[in-house]
Amino acid sequence: MTPRKTGRFLLTSAMLLALATAAQAQTLRVGIATGPTSLDPHFHNLGPNNAAMRNVYDRLIHMDANMRLQPGLAVSWTPLDNTSWQINLREGVTFHDGTPFGAEDVAFTISRIPLVPNSPSALTRFVSRISAVEVVDSHTLILRTTNPSPLLPNDLAQFSILSLETTEAYLAANPGIAPSITEIDSSHFNSGALAIGTGPFRLVSWAPGDPMVLSANSDYWGGAPAFADAVVRPIPNDAARLAALLSGDVDLIDGLPTADIASTRANSAFNVFETPSNLAVYLHMDSDREISPFVRGLDGSEIANPLRDVRVRQAMSMALNREAIARVIMDGAATPAGQMLAPGFAGASDTLAATAFDPDGARALLAEAGYPDGFAITLNGPNDRYVNDERIAQAVAQNLSRIGIRTEVSVEPASTYFGAATRLEYSVMLLGWGSSTGEQGSTLDSLLRTHNSELGHGGANRGRFSDARFDEMIGAAMQVLDETERNAQVAAAAEYVIGERFGVIPIHFQMNFWAARQGITMSPRADNYTVLSEIGTR
Amino acid sequence: MLAFLGRRLIQSVAVLLVMSFLVFLGIFAIGNPVDVMIDPAATPLERETAIRALGLDLPWYQQYFAFLERAVAGDLGRSFVYNEPALDLILTRLPATLELAVAAMVMAVALGIPLGLWAGLHPGSWLDRTIMAGSIFLFSMPTFWVGIILIMLSSVWLGWLPSGDRGETVSILGVPFSFLTWDGLTHLFLPAFNLALFKLALVLRLVRAGVQEHMSSDYVAFARAKGVSERRIIGRHVLRNILIPVITVLGLEFGNLLAFAVVTETIFAWPGMGNLLIRSIQVLDRPVVVAYLMLTVVIFVLINLFVDLAYSALDPRIRVGGRA
């Protein structure tokens, strides 16, 4: 190298270095507790997957931080009659590979969802109400439903839209990978070949369990993201995730452990973001069987199941010191719950508050029900599913024991617990329910409507609660097209079935926490998704 | 030699068969993976579809035989969760774990043998006492706790080393390695050091005990009488003899490092096999867990084979094949 060349070389190197540093400053580095299991948006209906998909793909309808519906790829959705909806699509949107977005893409996506090969948890439920898709023109669709389906827009907010043209071209180039475009398996998304959406970021690289690397889609219809690049790293260990933030290896983390909230808040280099979540922790009781497996008399004898008596269930609710659980066990990271979704969400009641803590009243009520000395139960729960789940179960057991219901706690990993709970092996269960549609009606329908597998009612009714009046109320409410009216009816049903019948006993709403270094802002989401396009700088 | 290898092969296949059966049955008994993986709001129909899609509707023995049939053809099944071939998933993560295990082993040996030698040659000295006390300390501290302390100390407070992940890698024959870049090395150091601590204590104690035993033995006295230099006695005779138990233990420990570096990998978010295993167990991803443990058996069989070969290299009196 001549001196001049060397000089030029050094100069170029310096410039490259400067460029690299400038670009680096625009890279958003995020640490999350759990990464996605696939980049196929229809493969696995799971929180971490759904969250990751929001970076690459769009839905017809988007949900804002408080789970209210907002225009996404659809600009408007209007019911034409009881069973048809007109969807008007956004004009001028293109996929990351340049193919234009239109009505055919939506029709293709809807036809693919029930057919995804080997799916452990498909998104079929969100398209099963749709009986026909009619493409009116390139940006207008009519969706027909078998029954009146007022919650169709909530379903449309759940699944990502794929490109028909891209998929067709890919199959044509790789014949033999699948018999048809609707049956291409998830590996072709994981490789990145088909992970092409209209979303705010393009996929750069990903492998199972590895970081997801993204670059901004500067042409995004919703405005270019605040960062040129993003890396989302799964860091499952809580302490390690926090350490990564504290050491400056990442800019933002989700799932801030409750024990570290106070110290992180006190540290001026970091900000904590929080919001009440859509997840309610609650007790479900066997209110159906005459003899329940984990209910005993105080002497250990078999007794008729007292949990069928509404007074006993009410007494249990009154026995819970929810304020103390939220303050002491949850370190303030929870708010006491009186229903399954916090007030402010669709279908939540404004008046249904948490049952007041009243152990004396609870004892009196138990006596009135014929159990002045109480009885014995086992409270079953998971120990790795909800924040502090095992300690909550122990606190609940102490509360119940105080009014004479001698409670033993038995916890186990989620991998065995949920199966056993679904097989009705337990009597009193600690559970949580996150309403993915952001609306209380379908939650109540799943948890408390009389179980009927053919009609799909009461799918998660693990207590087999059954009440004719409630069935009627929720059945009617779920047919009402007008949103305001429907929400009022759902709220009334909640006031009845939880406030009067104590079909389930809500304990608290979990709060969601994020922590970020100074200078990073975000809108904390009720669904606990970390959505990169909602993260900015200041 | 050939007969020896043949016998080893038959033994290994038998162990693999028993292992696959036990793991398969064990996970089957824990529960249905669909209950863990499916959205709680799923309809019964969706649940049925998922169970059929994963082949979980068949009785367990049919599932097991179908698995064996495919396994013979080299297909250990697809992960329920990732829908990728289980073996591929594991093998793509093997290099990361291998790198970590080798780095930890190198640290343990490079520090453990000299320290053990010194302590063994100068028993009762202040340095010996310090080394021995330190090794008890290393033995008794739980890995996860040390890991967190290491992160807090060198990443959060001092800001010298990154807190986790693999850093920049360089591909050799398509396999990414961290130790070839400076960034990668800084990422590798802490987790490898964390893993090495326990092995370090083990190695130095083994070496110290061996040195003490051999230094007072007849052949050393004889060599001294013959006028062989102390350096040659230690380097050529004593060290050789004490290395045999050290290699046995290191072989087993290396297998453990490879297969069960779970805790360290989780804490340092190291994208290795252990991280995959723990997640797969949590969601009952049976194909991955079975394939993983089968691979573990293969690794242990191979390591034992190498250990046997190393014996005969160190001590020609030991012949591979068992007849010494």
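Okay, let's start with strands β6 and β7 of chain A: β6(A) and β7(A), residues 140-145, pair in the antiparallel sense over 6 bridges. Two strands count as paired here if DSSP finds at least two bridges between them. Helices (H or I, at least four residues) and strands (E, at least two) are DSSP runs, numbered from the N terminus. One bridge to look for links Val135(A) with its partner in β7(A), Leu141(A).

Before I go on, this is a predicted model: local features need pLDDT of at least 70, side-chain atom pairs count only at pLDDT 80 or more, and totals for chains, interfaces and linings use all residues. Residues are numbered from 1 along each chain as its sequence is written, while chains are lettered from A and ligands numbered from 1 in the order in which they are written.

Which sheet do they belong to? It's an open sheet of 4 strands in chain A, in the order β4-β5-β7-β6, with antiparallel pairing. At the edges stand β4 (74-81) and β6 (130-137) of chain A, and each has a single partner strand, so one side of each is left without a neighbour in the sheet. From one strand to the next, the twist averages 20°. A helix packs on this sheet too: α3 of chain A, residues 103-112, touches β5 (84-89), β6 and β7 of chain A. Its direction makes about 165° with that of β6(A). Angles run from 0 to 180 degrees between N-to-C directions, and axes are lines fitted to C-alpha atoms, for helices over the stretch in contact. When I say touching or contact, I mean that the C-beta atoms of two residues, placed from the backbone, lie within 7 Å.

Chain A also has a hairpin. Strand β8 (residues 201-205) and strand β9 (residues 212-216) of chain A run antiparallel, joined by 4 bridges. Ser205(A) stands opposite Val213(A) in β9(A). There are 6 residues between the two strands, and Gly209(A) in the turn has a positive phi of about 80°.

Now a single residue, Asp40(A). Where does Asp40(A) sit? Look in the loop between β1 (27-32) and α2 (47-56) of chain A. Is Asp40(A) buried or exposed? Buried, because 26 other C-beta atoms lie within 10 Å of its own. The cut-offs are 20 or more such atoms within 10 Å for buried, 12 or fewer for exposed, and partly exposed in between, with C-beta atoms placed from the backbone. Leaving aside neighbours within four places in sequence, Asp40(A) is in contact with Val116(A), Ser186(A) and Phe189(A).

Next, two helix pairs. Two packed helices are described by the angle between their axes and the distance between the axes. In chain A, the axes of α15 (residues 468-477) and α16 (residues 483-497) come within 9 Å and cross at roughly 165°. That's why α15(A) and α16(A) are called roughly antiparallel to each other. For the angle labels, under 35 degrees is roughly parallel, over 145 roughly antiparallel, 65 to 115 roughly perpendicular, and the rest oblique. Among the residues that meet are Phe470(A) and Met473(A) from α15(A), and Val490(A) and Tyr496(A) from α16(A). By class, this contact has 10 nonpolar, 1 polar and 1 charged residues. Nonpolar means Ala, Val, Leu, Ile, Met, Phe, Trp, Tyr, Cys and Pro; charged means Asp, Glu, Lys and Arg; the others, Gly among them, are polar.

Over in chain B, the axes of α9 (residues 218-226) and α10 (residues 230-259) come within 11 Å and cross at roughly 150°. That makes α9(B) roughly antiparallel to α10(B). Here Tyr219(B), Val220(B), Ala223(B) and Arg224(B) meet Ile233(B), His237(B) and Val238(B). How many of the 9 residues of α9(B) are buried? The count is 0, so to speak a hardly covered helix.

Zooming out, chain B has 13 helices and 2 strands, and of its 324 residues, 38% count as buried. Finally, where the chains meet, the contact takes 47 residues from chain B and 43 residues from chain A. On the chain B side, the elements giving two or more residues include α5 (86-121) and α7 (143-157). By class, that side has 28 nonpolar, 13 polar and 6 charged residues.
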